[in-house]
Amino acid sequence: MTAEIIYGKEIAGRIKKSVVEDVKIFSDTTGISPKICTIMVGDDKPSKMYMNLRKKACDLVGIDTEQINISSKITEKEFLDIIKEKNQKKTIQGILIQLPLPDNISKTKVFETLNPCKDVEGLTPYNMGKTLMGDEYLVPCTPLAVIKILEDIHYNVKGKHVVIINHSTIVGKPLTALFLQRNATVSICHVFTKDIVSFTKQADIIVTAAGIPGLITDQHVKKGAIVIDVSIVKTDTGITGDVDLEKVKEICSYITPVPGGVGPVTIACALENMVKTMNISSK
Ligand SMILES: NC(=O)c1ccc[n+]([C@@H]2O[C@H](COP(=O)([O-])OP(=O)(O)OC[C@H]3O[C@@H](n4cnc5c(N)ncnc54)[C@H](OP(=O)(O)O)[C@@H]3O)[C@@H](O)[C@H]2O)c1
């Protein structure tokens, strides 16, 4: 068996096409030219890369962006004040706060301060709570991208065993809620999980986001499983994920490559969420 490779660009292209139409409807009906604000602290290279990729995507669909790049010397109070100012600003419909943040700034306080109506990435306690309760609206973009990929291949997750390797707030925890909402059985693995193979070998779907190249090999995968690699790791030889694609693709049914798999769909999901924040803010 050789797996079908799922190219995220094609899925992202379809999502972006519908975002272009939604942005036009928003501008035509409200007379507002949509704008989102991205805030980043310090000069973390991957964060800059994400910000630039998102700006490019926003340009393509007709959403203006204000990019704020703050020195890592900023205090927590100064940072929270910037968020409060952007919360109030009527010309900005959505806000994205690029992670990671420096240790002196509490992520909890940041997401408690961010207006949930402008929360493009669905990370405020309100939007996370809604996701957990199954009332999905502004859902974190990467978990949403994983679900969109499975929908695109018409795979029904009901009753399937999903193994997620990651329990972070932006990936594993919300993704668990999305799968449970769709009646999958979910196992979550992390650094302290003993014998990861014993979990992944049982999985109908493996979603891995550990950031460890080569973590998932052909030994980890059941024949015919679906393997979704969320990780993006920069190595000396280029960008890679967790999965040994060449070996694993001979066993599984579908697999996402890195780069070009989950990443482009995540950006498209962020654009879709921007449209949602635009529509909430204009009410
Ligand atoms: N494709 C996209 O759109 C997208 C979006 C966001 C992030 N990413 C990528 O996804 C990866 C994860 O991002 P993140 O922000 O969630 O990172 P993170 O907060 O560092 O989470 C990594 C997770 O993997 C677990 N882990 C690490 N090493 C492991 C191992 N050897 N075995 C089992 N579990 C292990 C960690 O467990 P512990 O917490 O117990 O250490 C943690 O739950 C990164 O490569 C990031 O670049 C991609």
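**Core, sheets and backbone geometry of the predicted model**

Within the largest nonpolar core, which holds 81 residues, I206, V207, V227 and I228 touch the most other members. Helix α10 gives the most to this core, contributing 10 residues. Because domain 1 (30-121 + 265-281) and domain 2 (139-261) both give residues to the core, it lies between them.

With residues up to four places away in sequence left out, V207 touches V146, V162, I164, L175, I228 and V230. Helix α10, the main contributor to the core, covers residues 262-281. From the first C-alpha to the last, its 20 residues reach 29 Å, close to the 28 Å expected at 1.5 Å a residue. The helix is mostly covered, with 16 of its 20 residues buried.

At the level of the whole protein, the secondary structure comprises 10 helices and 11 strands. The radius of gyration is 19 Å, which agrees with the value near 19 Å that a compact globule of 283 residues would have. The C-alpha trace spans about 55 × 40 × 40 Å along its principal axes. Of the 283 residues, 44% count as buried. Among contacts with a separation of 6 or more, 70% are made by residues 24 or more positions apart.

The domain assignment gives domain 1 (30-121 + 265-281) and domain 2 (139-261). Taken over C-alpha atoms, the centres of domain 1 and domain 2 are separated by 27 Å. Seven residues from domain 1 and eight residues from domain 2 take part in the contact.

An open sheet of six strands, with parallel pairing, has the order β1-β11-β8-β7-β5-β6. Its edge strands are β1 (4-5) and β6 (185-189), each of which pairs on one side only. Strand β8 (residues 226-229) is covered on both faces: I226 and I228 on one side, and V227 and D229 on the other, are all buried. Strand β7 (residues 205-208) runs parallel to β8 and is joined to it by four bridges. In this pairing, I205 stands opposite I226. Strand β11 (residues 254-255) also runs parallel to β8, with two bridges between them. The bridge partner of I226 in β11 is Y254.

T185 is partly exposed, with 16 other C-beta atoms within 10 Å. Its contacts, not counting residues up to four places away in sequence, are with H161 and V162. V162 is also among the residues touched by V207. T185 and K45 are 140 residues apart in sequence, and their C-alpha atoms are 36 Å apart in space.

A further parallel pairing involves strand β2 (residues 35-41) and strand β4, which are joined by four bridges. I36 has G94 as its bridge partner in β4. Strand β4 (residues 94-97) is buried in both directions: G94 and L96 point one way, I95 and I97 point the other way, and all are buried.

Several backbone features were then considered. Most residues other than glycine have a negative phi, and most peptide bonds are trans. A cis peptide bond joins L99 and P100, with omega about 5°; P100 lies in the loop between β4 and α4 (107-113). The peptide bond from V258 to P259 is likewise cis, with omega near 0°. P259 is located in the loop between β11 and α10.

Positive phi values occur at H154 and at N183, neither of which is a glycine. H154 has a phi of about 55° and is placed in the loop between α6 (141-152) and β5 (161-165). With 6 other C-beta atoms within 10 Å, H154 is exposed. For N183, phi is about 65°, and the residue is found in the loop between α7 (172-181) and β6. N183 is exposed as well, with 11 other C-beta atoms within 10 Å.

Technical notes
Residues are numbered from 1 along each chain as its sequence is written. This is a predicted model: local features need pLDDT of at least 70, side-chain atom pairs count only at pLDDT 80 or more; totals for chains, interfaces and linings use all residues. The expected span of a helix is 1.5 Å times one less than its number of residues. A residue is buried if 20 or more other C-beta atoms lie within 10 Å of its own, exposed if 12 or fewer, and partly exposed in between; C-beta atoms are placed from the backbone. Two strands pair if DSSP finds at least two bridges between them. A nonpolar core is a set of buried Ala, Val, Leu, Ile, Met, Phe, Trp, Tyr and Cys residues joined through C-beta atoms within 7 Å. Domain bounds come from an automatic or database domain assignment. Two residues are in contact if their C-beta atoms, placed from the backbone, lie within 7 Å. The radius of gyration is taken over C-alpha atoms; the globule rule is 2.2 Å times the number of residues to the power 0.38.
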